[in-house]
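Good morning, and thank you for coming. Please look at the sequence and the structure on the screen while I speak.

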Amino acid sequence: MKSALRRWQRINPLVPDSGLAVLLFGLVLLQASSDPHEWSPLSIGIVTLETLPLALRRRTPGPVMAVVGMAAVAHLAAGFRNEFFDTFAVMTALYTVAAHGSRRTALAFLFALPVALALALALDWHNKGAINLLDIPYNLLVLLSAWLLGDNLQARRAYAAQLEERERLLAREREERARATLAEERARIARELHDIVAHSVSVMVLQANAGERIMPSRPEQASEHFAAIQAAGREALAELRRLLGVLREGERGDGEREPQPGIAEIDQLALQARRAGLDTAVAIEGDATRMPEAVQLSAYRIVQEALTNTLRHAGASHASVAVRSTPAGLEVEVLDDGRRRPAIGNGATPAQAAGSGHGLIGMRERVQLFGGELQAGSLPQGGFRVRALIPIDARP
């Protein structure tokens with residue numbers, strides 16, 4: 001209830017300010033009613049200017065302060081007394097101009113305060129002759145305290161607004177970072193799905209074609225091709241389940257990840273290629289299997305995509321895979337003896353590589369993720385070569 005009232009007051013400051021102005025107007029008149037001299041049309045008019053403008057104090061703090069201050073001085077100049085509630089009206093206006101006015105306006109009234117106070121005390125002494133030396137520091141301290149309270153409120157409000165703005169910027173930055181991370185993860189999963197599905201389906205299609213051709217004459221050998229189709233399908237399903245498990249784990253925040261394929265599993269890719277009719281040799285040199293998991297996964301996917309392209313497009317009979325751990329980093333090379341195909345270099349754009357399909361583009365993106373290099377193209381003596389180099393200090 002209280003918070004709702006505060007929100008309503010912030011939205012409608014005229015209502016509480018008007019109530020305060022009317023209350024001060026009544027109190028000043030009640031205080032002056034004990035003296036017939038103070039209860040005159042001139043006094044009532046000056047008191048009206050001294051109090052009722054406070055209804056607009058937060059909307060126009062500077063003009064209200066000027067009107068209230070001049071009315072207070074005019075009240076003394078006309079020979080009337082400024083009692084406590086008259087002074088309180090001036091304090092309220094001074095507090096408001098420091099709390100809600102511009103910094104320049106607030107400082108202008110602060111510097112004018114000693115002059116206005118000296119003039120008011122001089123007028124009061126001239127008319128009443130009852131001023132003592134304690135009135136000067138007392139009134140100055142009271143009015144200065146009102147200004148300092150308002151200035152402190154303005155500073156706290158500005159600091160709170162600064163904190164809110166900083167939090168808003170941090171929240172926007174976190175949101176943008178989350179969107180970028182999500183986009184990167186989607187791109188990674190898209191590459192994984194492409195590599196898995198393209199390789200497995202290519203192997204399955206080739207095995208099915210081979211089985212169909214030899215089924216009439218060699219049914220026993222055809223059954224081996226169909227068994228290879230089943231194995232490729234099961235492997236593809238297992239890979240897809242692993243990826244979907246990672247996605248579900250990201251949603252739940254728990255669970256265990258199955259290990260990602262690495263360099264040690266490249267022999268399985270060669271076995272699948274051999275079953276599909278592509279004679280494939282694998283050579284792993286150095287401590288390649290000790291590379292970071294992310295680097296090994298990228299090497300595995302590069303070999304997988306290169307063999308998939310060879311099976312689908314090259315018409316090759318032989319392929320060789322070499323994975324070398326060198327002082328410069330991890331080198332992956334896949335050679336075949338198939339047809340010439342479009343080339344792609346490390347700096348090629350997707351548009352330039354369109355003829356080589358999305359697979360080579362995906363390989364280039366994987367290598368560039370680690371700051372490496374990729375060359376892919378036909379050899380002068382025939383065949384096609386894919387060569388990737390991932391630096392030794394690769395960081396994704």
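This is a predicted model: local features need pLDDT of at least 70, side-chain atom pairs count only at pLDDT 80 or more; totals for chains, interfaces and linings use all residues.

The side chain of Asp-336 makes a polar contact with the side chain of Thr-310, at 2.9 Å. A polar contact is a pair of N or O atoms within 3.5 Å; within protein, one must be able to donate a hydrogen and the other to accept it, and residues adjacent in sequence count only if both atoms are side-chain atoms.

Residues are numbered from 1 along each chain as its sequence is written, and side-chain values use heavy atoms, with hydrogens and water left out.

Where do the two partners lie? Asp-336 is found in strand E3, residues 329-336, and Thr-310 is in helix H10, residues 293-314. Helices (H or I, at least four residues) and strands (E, at least two) are DSSP runs, numbered from the N terminus.

Is Asp-336 buried or exposed? Asp-336 is buried, because its relative accessible area is 8%, and buried means under 20%, with exposed over 50% and partly exposed in between (1.4 Å probe, protein chains only). Thr-310 is buried as well, with a relative accessible area of 3%. The C-alpha atoms of Thr-310 and Gly-383 are 9.8 Å apart, although 73 residues separate the two along the chain.

Helix H10 also holds Gln-296, which is buried at a relative accessible area of 12%. Leaving aside residues up to four places away in sequence, Gln-296 touches several residues, among them Pro-261, Ile-263, Ala-288 and Met-291; contact means heavy atoms within 4.5 Å.

Let us turn to a pair of helices. Helix H3, residues 41-51, packs with helix H4, residues 61-77, at an angle of about 155 degrees, with axes 8 Å apart. Axes are lines fitted to C-alpha atoms, for helices over the stretch in contact, and angles run from 0 to 180 degrees between N-to-C directions. H3 is therefore roughly antiparallel to H4, a term for angles over 145 degrees. Residues that meet include Ile-46 and Leu-49 in H3, and Val-68 and Ala-71 in H4.

Finally, the whole chain. The chain contains 11 helices and 5 strands, and 39% of its 396 residues count as buried. Among contacts between residues at least 6 apart in sequence, 67% join residues at least 24 apart.

Key. Angles under 35 degrees count as roughly parallel, over 145 as roughly antiparallel, 65 to 115 as roughly perpendicular and the rest as oblique.
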